[in-house]
Amino acid sequence: MNERITGAEVLMRGLVAEGVDRVFGYPGGAIMPVYDKLFDFTSSITHILTRHEQGAIHAAQGYARVSGRTGVVIVTSGPGATNVVTGLTDAMLDSTPLVVITGQVSVSALGTDAFQETDMIGLAQPITKWAIQIQRPEDIAPALAQAFYVASTGRPGPVVLDLTKDAQLGLTSWQYTPCRFVRGYLPKPVLDMEQVRAAADMINAARRPMILAGQGVALSNAEQLLISLAEKADIPVACTLLGLSAIPSGHPLFAGMLGMHGNVAPNYNTNRADLLIAVGMRFDDRVTGDTTRYATQAKILHIDIDASEFDKNIRTDARVHADASEALSALMPLVDKAEHSSWRRSFARHAAAEQSRVVAAAVNPPESEPLLNMHQVVHCVSEHAPEGAILVTDVGQNQMASARNFRFSHPKSIVTSGALGTMGFGLPAAIGAKMGAPNRTVCLFTGDGGFQMTLQELGTIMQYGTDVKIVILNNNFLGNVRQWQSLFFKNRFSQTPMLNPDFIALARAYAIEGEDVESRNELIPAVERMFAHHGAYILNVNIDPAAMIFPMTPPGESVDTIMLNQNEYY
Amino acid sequence: MQQTCLYTVTVFTDDQVGLLNQVSIVFTRRRQNIESLSASPTSIPGVSKFTFTCWSTLRMMEQVVKQIEKRVGVLKAFLHTDDDIVYQNIALYKVPTRSLVDNHVVEKILRRHNARILEITEAYTVIEKTGHNDETRALFEELMQYGLTQYVRSGRVAVTKDAAEHFTAFLEEQRRLEQSQADAAANSNDN
Ligand SMILES: Cc1ncc(C[n+]2csc(CCOP(=O)(O)OP(=O)(O)O)c2C)c(N)n1
């Protein structure tokens, strides 16, 4: 009982007590006592040494998103800490539970511009759910317990624990109590049955209802409930980018993806529905387009765990303040069986039009077309991918092409940087996703630009033998910017062409196999080899730089103003 | 466009370093100019109170309050208009003594404004006035004629008019919640 241990050991034992068996990180001066203690804990905690702290935090995000567990990151002070700032922001905006431990200089050196000192708490507060500096070893255990509680409950998010050297090195006794309560923090709202009844009445009265499913569905494991409710009341389900895979792509009620590059039917019908049922989504501007012309004809019912999202972007008519799973289970018995066949047929009509006017030619271009486009590559990879594969994307055209064309059969199957749109997210997130779901195939689609932002993580793949399938959709351009330059800036390609290295030679330097794909007849055999191969594999696919992602709602336009190509609107 | 008016936001927090910064950046991020601010302990140990005033719209302030409440360490935030609260500011004015004496205005000013003198030296006089903004402002304007050299006004302090004590009730509720969580944890350990 009187045993005295260092703060660093408290941290290690605390991580074990929280059930952590994997952490992502990078050592350095101000966190060395922790790394030294980690050396004694390697049988219970596997540390993944990435090649950059940004890689560590994005890997932890990928890990958390597919496993439902809290991702843990350990980095040093100063540059180590500032290198996780992008990932913290990304995790905050995309509601990903993380506990990030940063080293910090000694208490006596705080505020003196000491070597590798930075005001991490000041930096982290606006971009985290909670950030706290720890100065004494006895404060580590309660702070760590609270960190896991805050990160993983309510609307999840990242937490920073800034551990001074004094806290790491000082002695204290071991005592650990998991946190179940923080005064003033109410992660689980008390369900208000009045709200539920009002919501059910709205749903029962609706003739043209549509469900908008966001990531809140996956975060509360409500996928099956959502599907059952949609089936009972016969309601088409559209997904946000992060909501994808809440319902299988092949489900008859799946209406497609919402947003700027989403599907025609749900975007168009947003302005035709009489009721929008938003579940765990937040009406991001990429989903709504011009908010003054968004669903003005419809009633809006908003189900969310975060009360600050209500009426933030879009005025709602009714709200249920609860997590998606609780709200949907309460709604289920109150919602009548219904049929909305003519409304559903309108979705099918728009989908068929999108298929014939946009998708068919993209996925299956005429034989005479010499160059590959992203849609056909994603389509082909998705068709060959094993059951239950996870899609990881980077940001840009590759992200939209893969979100549009990848077919999902299992829940929690998409990992992408939604709100922040962080280029360079893809490769490290794919590594983390594979570690979080080792039995599932992980397919990464990335652009040549984004890939080069974090390609040092090929070293991590090499060191840990991580089996990720990497498809570089290589157009030798910053494609997404190029598309905007084409459409809105008179084809002035300012700073978007890129001279790229030989990616396959680079892969080989990391002992990763791969091949170039130049043309259509090379594509299928290459994809087959990629999936047949045990271990990581890279396809560097040469893509037509002029090819664009359509449909597209131009920025600032209403959600049902949909370009089908450069010249034609829906 | 919604109407703007002066709102008072009171925020109860744990007594912890850095919370004032976290709360005030919620205003600044939404480009809301904080008109005044005061921070103080409360009658409850370990609980601090911040009082902000801000010209804004109801819709904006409702969102700001919800965002403030999301911060861990913030216990509860309330939004008020002037009708809901009893409030005061305090203002200090430094004026050259000679100009007050020469003009024979000291008594008139003190009576009319219900102000008082805190210190008199040969060189200067310090006058104190508590009241609402328009009242402290009126004295400011009058003293400008007599060569006012310094003026400072505190942030607003306010208490609610409501007979019910919502924050105390909230704390009670939190204590009950904490106890029931602890009981649940103890029970699950037994099994
Ligand atoms: C870190 C970061 N910097 C800049 C951007 C802006 N941006 C968005 S998409 C894009 C182009 C991406 O090009 P590439 O990675 O080649 O992918 P593609 O669009 O061609 O698929 C850029 C520069 C961003 N999202 N993130």
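With which side chain does the side chain of A:Thr393 make a polar contact? In this predicted model, the partner is the side chain of A:Thr416, at a distance of 2.6 Å. A:Thr393 belongs to strand S15 of chain A, which covers residues 390-393. With a relative accessible area of 1%, A:Thr393 is buried, because a residue under 20% counts as such.

A contrasting case is found in helix H15 of chain A (residues 341-363), where A:Ser356 is located. The relative accessibility of A:Ser356 is 54%, so this residue counts as exposed, the cut-off being over 50%. Between A:Ser356 and A:Ser329 there are 27 residues of separation along the chain, and their C-alpha atoms stand 38 Å apart.

The ligand comes next. Its surroundings consist of 18 residues, and the closest are A:Gln397, A:Asn398, A:Gly421, A:Gly450 and A:Asn480. Sorted by class, this shell holds seven nonpolar, 10 polar and one charged residues. Three helices of chain A each contribute at least two residues to the shell: H17 (397-405), H19 (448-451) and H21 (479-488).

For A:Gln397, a backbone N or O atom lies 2.8 Å from a ligand oxygen. A:Asn398 likewise takes part through its backbone, with a polar atom 2.9 Å from an oxygen atom of the ligand.

Buried positions in H9(A) include A:Val196, A:Ala199, A:Ala200, A:Met202 and A:Ile203. These residues cover an arc of only 160° around the axis, which means that they sit on the same side of H9(A). An α-helix has 3.6 residues a turn, so residues three or four places apart point the same way. On the face of H9(A) turned away from the buried side are the exposed residues A:Glu194, A:Asp201 and A:Ala205.

Terms used: Residues are numbered from 1 along each chain as its sequence is written. Chains are lettered from A and ligands numbered from 1 in the order in which they are written. This is a predicted model: local features need pLDDT of at least 70, side-chain atom pairs count only at pLDDT 80 or more; totals for chains, interfaces and linings use all residues. Side-chain values use heavy atoms; hydrogens and water are left out. A residue is near a molecule or strand if one of its heavy atoms lies within 4 Å of it. A polar contact is a pair of N or O atoms within 3.5 Å; within protein, one must be able to donate a hydrogen and the other to accept it, and residues adjacent in sequence count only if both atoms are side-chain atoms. Helices (H or I, at least four residues) and strands (E, at least two) are DSSP runs, numbered from the N terminus. Ala, Val, Leu, Ile, Met, Phe, Trp, Tyr, Cys and Pro count as nonpolar, Asp, Glu, Lys and Arg as charged, and the others, Gly among them, as polar. Buried means under 20% relative accessible area, exposed over 50%, partly exposed in between (1.4 Å probe, protein chains only). The arc is that of the directions from the helix axis to the C-beta atoms.
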